[in-house]
Each structure stands twice: as structure tokens, then as C-alpha cells.
Amino acid sequence: MIDLYYAPTPNGWKISIMLEECNLPYNVIPVNLGKGDQFKPDFLKISPNNRMPVIVDHENLTDGDPLSIFESGAILMYLGEKTGKFFPQESPSKEKVLEWLFWQVGGLGPMAGQVSHFVNYAPNFPGDHSYSEKRYKDEYDRLLGVMDNVLEDKEYLAGDYSIADMASFPWITAYKRYEVDLDSFSNVRRWFDNIKSRPAVRKGIEVGKENRSFGKGITKEALKTMFGQNSKNISDMAKEKKE
Ligand SMILES: N[C@@H](CCC(=O)N[C@@H](CS)C(=O)NCC(=O)O)C(=O)O
């Protein structure tokens with residue numbers, strides 16, 4: 001059985017979608033990010049970056065210890081290799097999937113995350129954030145344009161439906177909140193609607209829905225826990241969780 005340490009956010013959905021697509025049994029362990037579960041000592045042992053998602057595969061033991069993996073891209077690759085699904089292993093199909101997987105984890109995800117930050121959360125903090133907001137919105141818009149060009153004559157990002165599509169899809173779902181007109185990227189819109197219609201994807205994004213608590217309604221406690229993290233205060237939060 002696989003344990004999935006999870007919160008219902010785009011990075012979490014990548015993994016719940018893949019587990020559903022592969023029909024793998026899994027056990028969800030909620031990580032309440034607003035309350036600081038990501039700083040608990042047991043969680044930091046498997047996720048030193050204090051971020052979810054993380055999986056623990058109890059079927060893959062080394063000296064009796066199950067394998068744990070943090071970073072959504074690494075988890076998707078592992079699950080693809082474990083099941084032989086959605087991640088071709090032969091060249092050049094494998095490298096084509098990896099191009100788009102890394103494009104997502106290094107580009108689309110972080111940029112969309114910053115757009116979300118400046119649209120949803122920055123207004124809670126003093127200062128003029130207009131330059132930063134525009135910078136990330138422009139970059140997200142550029143990335144959507146790149147995707148739109150590539151999808152002009154393709155159904156999926158890299159050959160067949162793959163972990164690259166599963167990684168990218170969740171970062172488009174919030175397009176309305178990011179104030180993006182998806183219809184102006186007609187190929188992305190077609191790709192998005194197609195993926196959204198998959199039963200496993202619908203199931204994956206429903207996981208833990210009752211625990212969704214972010215966006216504009218975020219609590220003061222969650223704002224304090226999630227934002228303004230630096231090397232000093234994350235070690236204070238980890239100490240607090242130890243006590
Ligand atoms: N590069 C990481 C990013 C994961 C990430 O940013 N997760 C966020 C939620 S979407 C998180 O755990 N945040 C906790 C925090 O900010 O303290 C991945 O792809 O897994």
C-alpha cells in the first residue's frame with residue numbers, strides 16, 4: 001500500500017490523479033499546511049523541504065524501511081516506472097515526456113504559484129505588489145502561449161497521455177482565479193477540457209475536497225504559517241512542533 005501525504009492543492013492533485021489513473025490503492029494522510037503539519041518532525045524526516053506531496057511505498061523496502069519520495073516530479077516518475085503506465089521507458093518517447101515534466105516542475109508550477117500568491121495572498125501584506133503581480137502574470141501567460149503552440153497539432157504534450165499532462169493540468173484548473181481567459185488559448189482549452197473529462201482526473205481532484213481552505217478566504221493563522229518563511233523561522237516552527 002502507498003501512503004500519500006497530501007493537501008488538496010495543484011501539487012497534491014498531480015499525485016492523486018496519477019494514483020487514480022493507475023488504479024493503485026492508496027491511503028491519504030492529510031497534511032494541514034495552514035496549521036503547520038509540514039513542520040512536524042516525522043513529516044520533515046520524509047520531506048526535508050517542508051512541502052507536500054510525499055509518498056511512502058510500503059511495498060518497496062530497503063533493510064525493512066519503506067521508500068519515501070518527496071517532489072511531485074520524482075513521485076510521478078516513480079509511479080510511472082512502478083506501474084509501466086503513462087511514462088514510456090524507451091527513447092525518444094521517454095525524453096519527450098521528461099522535457100514537459102521538467103518544464104512543468106521548473107516553470108509552469110512555480111510561475112502559476114506566484115500568480116496565485118500575488119492575486120490571492122499578497123493583498124494581505126503591506127506594499128505595492130503591482131510590478132510583481134504583472135511579472136508573474138506575464139510569465140504565466142507566456143507559458144500558456146508556449147503550450148498553445150505545441151498543442152496546435154498534438155492531442156497531448158508529449159506523445160500519448162502521460163505524467164507530463166497530469167503534472168500540468170492542475171496548474172491550469174485555477175485559471176479563473178488567475179484572471180486568465182482560457183478561451184484565448186484555444187488549443188490549451190481543448191486539451192484542458194479533454195483531460196478534465198477523464199473519470200480518474202475528476203476523482204483525483206475530489207480527494208480531500210472538504211479540507212480545501214486556501215484562496216481569498218485564507219485564515220490569519222495560515223497566512224502566518226505559509227508566508228514569509230525563511231531559514232530561521234522554519235527552524236523555529238519545526239522546534240515548536242517538536243515540543
Ligand atoms: N516542488 C514541489 C512543490 C511542492 C509545494 O510547493 N507544495 C506546497 C503546496 S502546493 C506546500 O507543501 N506548501 C507548504 C508550505 O508552503 O509551507 C513539488 O513539486 O512537489
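**Figure 1. Two domains in a predicted model.** The chain divides into domain 1, made of 2-86 + 203-242, and domain 2, made of 93-198. The model is predicted. Between the C-alpha centres of domain 1 and domain 2 the separation is 21 Å. To the contact, domain 1 gives 18 residues and domain 2 gives 15 residues. On the side of domain 1 that touches domain 2, helix H1 (10-22) and helix H3 (72-83) each supply at least two residues. H1 has the largest share of that side, with seven residues. Sorted by class, the side of domain 1 that touches domain 2 holds ten nonpolar, five polar and three charged residues.

**Figure 2. Helix H7 and its buried face.** Helix H7 spans residues 186-196, and Val 188, Trp 191, Phe 192 and Ile 195 are its buried residues. Viewed down the axis of H7, the buried residues fall within an arc of 100°, so they line one face of the helix. Packed against the buried residues of H7 are helix H5 (130-150), helix H6 (163-168) and helix H8 (199-206).

Figure 3. The buried residues shown in H8 are Val 201, Gly 204 and Ile 205. Around the axis they cover an arc of only 90°, which puts them on the same side of H8. H1 and H7 are among the elements that cover the buried residues of H8.

**Figure 4. Residues around the ligand.** The ligand is surrounded by 13 residues, and the closest are Thr 9, Asn 11, Arg 51, Met 52 and Ser 72. By class, the shell around the ligand consists of five nonpolar, six polar and two charged residues. One of the closest residues, Met 52, is joined to Pro 53 by a cis peptide bond.

**Figure 5. Two cis peptide bonds.** Omega is about 10° for the cis peptide bond between Met 52 and Pro 53. Pro 53 sits in the loop between H2 and E3. Pro 92 belongs to the loop between H3 and helix H4 (93-121). For reference, most residues other than glycine have a negative phi, and most peptide bonds are trans.

**Figure 6. The hairpin of strands E3 and E4.** Strand E3 (residues 54-62) and strand E4 (residues 65-70) run antiparallel and are joined by six bridges. Within this pairing, Val 56 has Ser 68 of E4 as its bridge partner. E3 and E4 form a hairpin with two residues between them, and Asp 63 in the turn takes a positive phi of about 50°.

Figure 7. Asn 23 is a residue other than glycine, yet its phi is positive, near 60°. Asn 23 lies in the loop between H1 and E2. Asn 23 has 9 other C-beta atoms within 10 Å and is therefore exposed, the limit for this class being 12 or fewer. Phe 86, also a residue other than glycine, has a positive phi near 65°. The loop that holds Phe 86 runs between H3 and H4. Phe 86 is buried because 20 other C-beta atoms lie within 10 Å, and the class begins at 20 or more.

**Figure 8. Lys 40 in its loop.** Lys 40 is found in the loop between strand E2 (26-30) and helix H2 (41-46). With 19 other C-beta atoms within 10 Å, Lys 40 is partly exposed. Lys 40 and Lys 94 are separated by 54 residues in sequence and by 36 Å in space, taken from C-alpha to C-alpha.

Definitions and conventions: Residues are numbered from 1 along each chain as its sequence is written. This is a predicted model: local features need pLDDT of at least 70, side-chain atom pairs count only at pLDDT 80 or more; totals for chains, interfaces and linings use all residues. Domain bounds come from an automatic or database domain assignment. Two residues are in contact if their C-beta atoms, placed from the backbone, lie within 7 Å. Helices (H or I, at least four residues) and strands (E, at least two) are DSSP runs, numbered from the N terminus. Ala, Val, Leu, Ile, Met, Phe, Trp, Tyr, Cys and Pro count as nonpolar, Asp, Glu, Lys and Arg as charged, and the others, Gly among them, as polar. The arc is that of the directions from the helix axis to the C-beta atoms. A residue is near a molecule or strand if its C-beta atom, placed from the backbone, lies within 6 Å of it. Two strands pair if DSSP finds at least two bridges between them.
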